[in-house]
Amino acid sequence: MAGVEETLGELNKESFVSLLGKLIGESKHVQNNPPDLIPEEDRVVKHVQDSLLPLSTTTGGGPLIVNHVSYFPGRGNLIVEYPGTEPGKILSFVGMHMDVVTANPNDWEFDPFSLLINGDKLCGRGTTDCLGHVALVTELMKRLAETKPKLKSTVVAVFIANEENSAITGVGVDALVKDGLLNKLKGGPLFWIDTADKQPCIGTGGMIPWKLHVTGKLFHSGLSHKAINPLELAMEALKVIQSRFYKDFPPHLKEQAYGFATPSTMKPTQWSYPGGGINQIPAECTVSGDVRLTPFYNVTDVKKKIQEYVDDINENIEKLDTRGLVSKYILPEENLRGRMKVLMFKLLATV
């Protein structure tokens, strides 16, 4: 009796590259950076369905069970099952996400939104993170349906929406978990297929998004002694917060043993303010970023510590470094103090 590997054979490169080309062709429309860019993952879903529905119970053409689950218009997830012979036995591939990070064509030497084949290299936005994984697992499920090997375990593939950004929730895997649609996956091995590299990854740093909202006092920049500059306050406070974070969560000994490229990190990645003239010190600003936490530290501990850092700075804001003779974070004559509020979201990426 032939083994599974022999039955499935090698990857059909022509089919894989053809599908990947279609997916990369949609990458412009699945960039995820709200509110400006909200992905339309169903554009990718359509190509996956075109490959799999002809081999599904939906059309009567095969054994695949294909379930399109959508919580927002145009932003669906896709759960595909190849049934096994023993009830309760299961193996799953999860995390192949159908959105991508943004790409500015001016920064690329070729069009990032179309597949470039350069020898044995496949180039374009999403080839490794994560449209290439979408294409690969689609080809796997297609081949299972074509060859129909008798497997004890049911094989499940979960293609998800909204992995790259947490500004909008209740769209992707978080909603699937909430609705219990992934509960049965707990019965067997689960492989998270989203490493942005070429080799298996046995662990990764979880992502905790955060926002630091800073309030000062608006005033004309020519009379800056009457203002509390939230931009300066944010920069100095964040320096303290980061320094304390790296002291409390230093590189862990196990990170080297498991081959982690970086230790836990906390850093800003975005900055925003309400707008105004260049000669105006704004009243507020928001700095956003993430914590990438290796699995050797506790998420709850990190959130508690960061809140403590912010509370301590707010209570002792007069001790924070200032910039220049008139830079200040307290206006005693007006009974005003600069202040900060930190918001931390749920862990988005898991080990």
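Student: Which elements do the buried residues of H3 pack against?

Tutor: They pack against helix H2 (13-24), S1, S2, H4 and S6. Here, buried means under 20% relative accessible area, exposed means over 50% and partly exposed is in between, using a 1.4 Å probe and protein chains only. Contact means heavy atoms within 4.5 Å. Helices (H or I, at least four residues) and strands (E, at least two) are DSSP runs, numbered from the N terminus.

Student: What should I know about the model itself?

Tutor: This is a predicted model, where local features need pLDDT of at least 70 and side-chain atom pairs count only at pLDDT 80 or more, while totals for chains, interfaces and linings use all residues. Residues are numbered from 1 along each chain as its sequence is written, and side-chain values use heavy atoms, with hydrogens and water left out.

Student: How many helices and strands does the protein have?

Tutor: Eight helices and 15 strands. The C-alpha trace spans about 85 × 40 × 40 Å along its principal axes. Of its 351 residues, 42% count as buried. As for contacts with a separation of 6 or more, 75% come from residues 24 or more positions apart.

Student: Back to H3. Which of its residues are buried?

Tutor: Start with the general idea: an α-helix has 3.6 residues a turn, so residues three or four places apart point the same way. In H3 (residues 42-52), the buried ones are Val44, Val45, His47, Val48, Gln49, Ser51 and Leu52. The helix lies across S1, strand S2 (76-82) and S6, and runs at about 20° to S2 (axes are lines fitted to C-alpha atoms, for helices over the stretch in contact, and angles run from 0 to 180 degrees between N-to-C directions).

Student: How do I read the sheet under it? What is the strand order?

Tutor: Two strands pair if DSSP finds at least two bridges between them. This open sheet has five strands in the order S1-S2-S6-S3-S7, with mixed pairing. Strands S1 (65-70) and S7 (190-192) are the edges, each pairing on one side only. From one strand to the next, the twist averages 15°.

Student: Where does "mixed" show up?

Tutor: Go along the pairs. S1 and S2 are antiparallel, over six bridges, with Val66 opposite Val80 in S2. S2 and S6 are antiparallel too, over five bridges, and Glu81 stands opposite Val156 in S6. Then S3 (residues 90-97) and S6 (residues 154-160) pair in the parallel sense over seven bridges; there, Phe93 has Ala157 as its bridge partner.

Student: What joins S1 to S2, and which residue takes a positive phi there?

Tutor: They form a hairpin with five residues between the strands, and Gly74 has a positive phi near 75°.

Student: Is S2 enclosed or open, and why?

Tutor: Seven of its seven residues are buried, so S2 is largely enclosed by the rest of the structure. In a regular strand the side chains alternate between the two faces of the sheet. In S2, Gly76, Leu78, Val80 and Tyr82 point one way, while Asn77, Ile79 and Glu81 point the other way, and all are buried.

Student: Can we try one residue? Is Gly132 buried or exposed?

Tutor: Gly132 is buried, at a relative accessible area of 9%. You'll find Gly132 in helix H4 (residues 131-147). Leaving aside neighbours within four places in sequence, Gly132 is in contact with Phe16, Leu20, Gly126 and Thr127. Its C-alpha atom is 10 Å from that of Ile193, which is 61 residues away along the chain.
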